[in-house]
Every structure is written in C-alpha cells, then in structure tokens.
Amino acid sequence: MTASRAPRPPATQSAFVLHHYDWSETSLVLDLFSREQGRLAVVAKGAKRPYSQLRSVLLPFLRLQVTLSKPSKMNEDGAAEVQSLRGAEWVGGQTLPGGAALFSGYYVNELLLKFLPRQDPQPELFDAYAALLPCLRSVDDAQAALRAFELKLLATCGLLPDLSVLATTQAPLDPERDYMLAPESGVIVPTHDAPQLTGMAFIQLQAALLHGSAAALQQACELAGPALKPLLRGLLHYHLGHRPLRTRQVLLDVQKLLT
C-alpha cells in the first residue's frame with residue numbers, strides 16, 4: 001500500500017517576503033510566508049536587474065499575490081523542494097513602515113524565520129501577521145499587538161503552556177495571587193524576583209487564546225500591562241536556545257547611540 005501524496009500547492013498564493021539574500025549577480029532567494037504553504041524558499045530569477053518589475057514589490061511587509069512555477073522536484077512526502085517565482089503583485093494596503101515600527105516588523109519576521117519550519121501551512125498565524133502590521137504604526141496599539149502575536153506564535157508552535165493552571169499541580173490559578181512563568185514548565189508560584197502577573201491576567205490571556213479573537217487577545221495583553229513583555233521575551237529566548245535574535249540586538253545598539 002503506497003502512502004498518499006500531499007496535494008500540490010496552488011500556483012498563485014498570498015504571501016509576504018520575510019527575508020531575501022543574493023543567489024547570483026541578477027537573482028535572489030526569497031524566504032516567503034505564504035498563507036497556503038507556510039514558510040518557503042523561492043528563487044526570484046532576474047529580480048536584481050534594473051529593469052525587473054519585481055524590484056519594487058519584493059519588499060518586506062507588503063502583501064503580495066505571488067505566482068510560483070511548478071516544482072522541478074518533489075520529495076517523498078510530495079512537498080516541493082525547488083520553486084521559482086514567476087510573478088508577484090502588490091495587492092494594496094500597508095506600505096513599508098518607518099521608525100520603531102520598522103524594527104518591530106523585522107523583529108517579528110525574524111521570529112517567524114526561527115520558529116516556523118518550512119512548508120507547514122499556518123493560515124491563522126498568517127492572518128494574525130497580516131493584522132499585526134498596521135498595528136505597529138500605532139503608538140497606542142503596537143505593544144499589545146506585539147505581545148498578542150508572540151503568544152499566538154508560541155501557541156501555534158506548541159510551545160505555550162496552559163496559562164490558567166499551576167504547572168506543578170494543574171490546579172486552577174487564584175485570580176488574586178501573583179505568579180511567574182517558568183519557561184521550562186509553565187505558570188508557577190514566584191520563587192525569586194522576576195516579572196509577575198496576577199492569576200486573573202494569566203486566566204484572561206488563556207481564555208482569549210482559546211476564544212481565537214485577535215481583538216480579545218490584544219485587549220488581554222493590554223490589561224496584563226508592561227510585565228508581560230519581559231515574561232514573554234524570557235519564554236521566547238528559552239526556546240530559541242543558542243539562536244539569538246539579531247534584530248533585538250540591532251535595536252539596542254541604535255538606542256545606545258541615541259542616548
């Protein structure tokens with residue numbers, strides 16, 4: 001009995017450029033985040049030529065409709081190994097952000113590059129990313145939107161523990177008590193001086209994740225307050241291991257130069 005092959009991906013897909021690097025004097029390799037295929041590498045032949053129509057659209061944070069060639073080779077699971085970009089069109093909406101929003105955007109792109117495997121479709125995460133980008137331009141919404149996306153990413157990757165129960169006993173949290181998040185286990189009673197949230201804040205975050213509403217999750221992150229940022233950064237860095245975030249370090253270096 002032969003194993004069933006995965007269906008071939010559609011030729012035209014919605015995608016964002018996460019990163020690109022030179023492949024030759026005239027071509028690029030793109031790391032795309034596609035709604036239909038997840039993260040995938042694509043060769044954009046001739047994209048660096050001065051007269052190429054692709055030069056103006058193959059930029060981060062622009063929502064594109066991309067047309068891909070049929071893969072020249074399929075692995076034993078039926079997934080494409082090599083694809084070429086045949087066309088790309090900006091479908092409108094947000095343009096390149098500036099200032100702090102630009103750094104935040106590159107930070108999110110780097111998270112996706114480091115956490116997502118190739119060719120693993122995550123349409124809900126793709127939609128969350130698309131909804132996040134315009135929020136980065138707003139001083140009022142940016143931080144809560146970033147925290148909500150970090151939570152969504154961790155949950156999608158199966159790296160987020162249940163935030164409504166104690167990791168040691170699985171007992172429900174006391175809404176009035178303070179707790180900390182141990183990256184290796186989950187929510188615990190504080191054992192040392194570290195970022196903490198109330199049980200109610202953790203419960204609200206978990207409820208919003210289960211509900212699936214982006215607005216509810218963003219509101220729960222806003223209610224959790226500033227302590228949520230270092231708490232989640234600790235969890236992200238724990239799972240990154242020895243793969244530090246370059247964007248974060250660049251931002252810190254720029255801030256030092258400006259102070």
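Predicted model: local features only at pLDDT ≥ 70, side-chain atom pairs only at ≥ 80, totals over all residues.
Colleague: Which residue of E3 stands opposite Leu32?

Modeller: Strand E2 (residues 28-34) and E3 pair in the antiparallel sense over seven bridges. The two strands form a hairpin, with three residues between them. Ser34 stands opposite Gly38 in E3. For Leu32, the residue opposite in E3 is Leu40.

Colleague: How many of the seven residues of E3 are buried?

Modeller: A residue counts as buried when its relative accessible area is under 20%. Strand E3 is mostly covered by that criterion. The number of its residues that are buried is six.

Colleague: Is Ser14 buried or exposed?

Modeller: Ser14 lies in strand E1 (residues 12-22). Leaving aside neighbours within four places in sequence, its contacts include Phe33, Ser34, Leu64 and Phe126. Its relative accessibility is 11%, and Ser14 therefore counts as buried.

Colleague: Is Gln53 buried or exposed?

Modeller: Gln53 is found in the loop between strand E3 (38-44) and strand E4 (64-68). A residue counts as exposed when its relative accessible area is over 50%. The relative accessibility of Gln53 is 73%, so this residue counts as exposed.

Colleague: What distance separates the C-alpha atoms of Gln53 and Glu89?

Modeller: Gln53 belongs to the loop between E3 and E4. Along the chain, Gln53 and Glu89 are 36 residues apart.

Colleague: Which strands stand at the edges of the open sheet of three strands?

Modeller: This sheet has the order E7-E6-E8, with antiparallel pairing. Each edge strand has a single partner strand, so one side of each is left without a neighbour in the sheet. The edge strands are E7 (186-188) and E8 (197-198).

Colleague: What is the bridge partner of Leu181 in E7?

Modeller: Three bridges join strand E6 (residues 178-182) to E7, and the two strands run antiparallel. A hairpin of three residues joins E6 to E7. Ala182 has Gly186 as its bridge partner in E7. For Leu181, the bridge partner in E7 is Val187.

Colleague: Which residue of E8 is the bridge partner of Asp178?

Modeller: E6 is mostly covered, with four of its five residues buried. Two bridges join E6 to E8, and these strands run antiparallel. The bridge partner of Asp178 in E8 is Thr198.

Colleague: How far apart are the end C-alpha atoms of helix H3?

Modeller: Helix H3 consists of 15 residues (residues 142-156). At 1.5 Å a residue, H3 should span 21 Å. The model agrees with this expectation, because the end C-alpha atoms are 21 Å apart.

Colleague: Which helices do the buried residues of H3 pack against?

Modeller: Twelve of the 15 residues of H3 are buried, so the helix is largely enclosed by the rest of the structure. Among the buried residues are Ala145, Phe149 and Leu153. The helices against which the buried residues pack are H1 (100-115), H2 (123-135), H4 (199-211), H5 (214-224) and H6 (228-240).

Colleague: Which residue follows H3, and what is its phi?

Modeller: The helix itself covers residues 142-156. The residue that follows H3 has a positive phi. That residue is Gly158, with a phi near 75°.

Colleague: At what angle do H1 and H6 pack?

Modeller: In H1, Tyr107, Leu111, Lys114 and Phe115 meet Arg233, Leu236, His239 and Leu240 in H6. H1 passes H6 in a left-handed crossing. The axes are 11 Å apart. The helices are therefore oblique to each other, and the angle at which they pack is about 40°.

Methods:
Residues numbered from 1 in each chain as written. Heavy atoms only, no water. Expected span 1.5 Å × (residues − 1). Buried < 20%, exposed > 50% of the residue type's maximum accessible area, 1.4 Å probe, protein only. Contact = heavy atoms within 4.5 Å. Pairing = 2+ DSSP bridges. Axes fitted to C-alpha atoms, helices over the stretch in contact; angles between N-to-C directions. Parallel < 35°, antiparallel > 145°, perpendicular 65-115°, else oblique. Left-handed = near helix turned anticlockwise from the far one by under 90°.
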